[in-house]
Amino acid sequence: MATSASAQLSKVVKRQYLELPQGDKVQAMYIWIDGTGDGLRCKTRTLDSEPKKLPEWNFDGSSTYQSEGSNSDMYLIPSAMFRDPFRKDPNKLVLCEVVKYNRRPAETNHRVTCRKVMQMVEGQNPWFGMEQEYTILGTDGHPFGWPSNGFPGPQGPYYCGVGADKAYGRDVVEAHYRACLYAGVKICGTNAEVMPAQWEFQVGPCEGIDMGDHLWVARFILHRVCEDFGVVASFDPKPIPGNWNGAGCHTNFSTKEMREEGGLKYIEECIEKLSKRHNYHIRAYDPKGGLDNARRLTGRHETSSIHEFSAGVANRGASIRIPRSVGQEKKGYFEDRRPSANCDPYAVTEALIRTCLLDEEGDEPHYSNSST
């Protein structure tokens, strides 16, 4: 399995430089979503002191699939700040929105409308938890730990597995988990998944816009950890064709009413609304408007069919799953199992709010770049 050349560089040598004092200066790494809708970019600037308010910045959008070369300046609007687990305190990770030269949101800036929608329903205290599946690959695209010519044994022993023949790449997982905790990301768990070299981490519960902020930063941290190990984190919804599980981002959702006594009634009302808007949600649940998810949502490998809406208690083959404990206690949350691993959490959470709480109808997605 191929690893990157940079992973072979001595981390001990690097450490002696990172341990040098930096005075009162602070390194702020600005992070943003590029024009693909699921790629991340970053660059760093020096600040004179630990920031209370972060300055805007700019970048060349023609190199990130976000503008033409003749008018390429794009602007970074700092939106959320975290501790930097790679450079350590007082340095920062800064998640940014992207706007164009005319101050309109970039096409892949779904945070703008998500934030507005969340503000409309903040009295209902919408909580989210997202279960991010991913696959560890070599730089040649081959799954980590798989035989170079062939396949590992069939699925079965790998889910939550332990042992060198069952868990592939736990060092990456442990490093990522600790880095997220240091950064202040609301990571709440992790486990090995059904396909070998596939893992999952969970973020939440987060209220409103925090869900998208924390998941995007958790993804960025994973990419950086994998960079240090010389491997690649893939969020492809179906990285290996055939009889192997795909990768999703199951999304748990509740409101204050759902979490209180008798909340099952409100959960069932939401599911009824979702059943009438299946196509809208499929389009919002991956960056290619459903094309990526079509490879995953086949009705096999613990998925529902992309063409049909379904719901059930404890049913992992349904579009919407009500956990058995929720069915018994008559309150809690539901799980939307349709979002793909490479979904934009801003788009997913916004879609759930629009359908479940704002009672919107119709199949056409709402794009953030249509707003001023």
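Asn125 sits in the loop between α2, residues 111-120, and β6, residues 127-137. In this predicted model, Asn125 has a positive phi of about 50°, although it is not a glycine. With a relative accessible area of 23%, Asn125 is partly exposed.

A positive phi of about 55° is found at His301, again a residue that is not a glycine. His301 belongs to the loop between α8, residues 291-294, and β11, residues 311-313. Is His301 buried or exposed? Its relative accessible area is 16%, and the cut-off for a buried residue is under 20%, so His301 counts as buried.

I turn next to the peptide bonds. Asp89 and Pro90 are joined by a cis peptide bond, with omega at about 10°. Pro90 is placed in the loop between β4, residues 73-83, and β5, residues 92-99. A cis bond also joins Gly204 to Pro205, and here omega is about -5°. Pro205 lies within a strand, namely β8, which covers residues 198-207.

Let us now consider Ser340, which is located in the loop between β13, residues 334-336, and α10. The relative accessibility of Ser340 is 0%, and this residue therefore counts as buried. Which polar partners does the side chain of Ser340 have? A polar atom of that side chain lies 3.0 Å from the backbone oxygen of Tyr285. The side chain of Ser340 also makes a polar contact with the side chain of Asn342, at 2.6 Å. Setting aside neighbours within four places in sequence, the residues in contact with Ser340 include Pro237, Ala247, Gly248 and Cys249. Also among them are Tyr285, Asp286, Pro287, Asn293 and Arg296.

Two packed helices are described by the angle between their axes and the distance between the axes. The axes of α6, residues 264-275, and α10, residues 345-356, come within 9 Å and cross at roughly 105°. The two helices are therefore roughly perpendicular to each other. Which residues meet where α6 and α10 are in contact? From α6 there are Cys270, Lys273 and Leu274, and from α10 there are Leu352, Thr355 and Cys356.

Terms used:
Residues are numbered from 1 along each chain as its sequence is written. This is a predicted model: local features need pLDDT of at least 70, side-chain atom pairs count only at pLDDT 80 or more; totals for chains, interfaces and linings use all residues. Side-chain values use heavy atoms; hydrogens and water are left out. Axes are lines fitted to C-alpha atoms, for helices over the stretch in contact, and angles run from 0 to 180 degrees between N-to-C directions. Helices (H or I, at least four residues) and strands (E, at least two) are DSSP runs, numbered from the N terminus. Angles under 35 degrees count as roughly parallel, over 145 as roughly antiparallel, 65 to 115 as roughly perpendicular and the rest as oblique. Contact means heavy atoms within 4.5 Å. Buried means under 20% relative accessible area, exposed over 50%, partly exposed in between (1.4 Å probe, protein chains only). A polar contact is a pair of N or O atoms within 3.5 Å; within protein, one must be able to donate a hydrogen and the other to accept it, and residues adjacent in sequence count only if both atoms are side-chain atoms.
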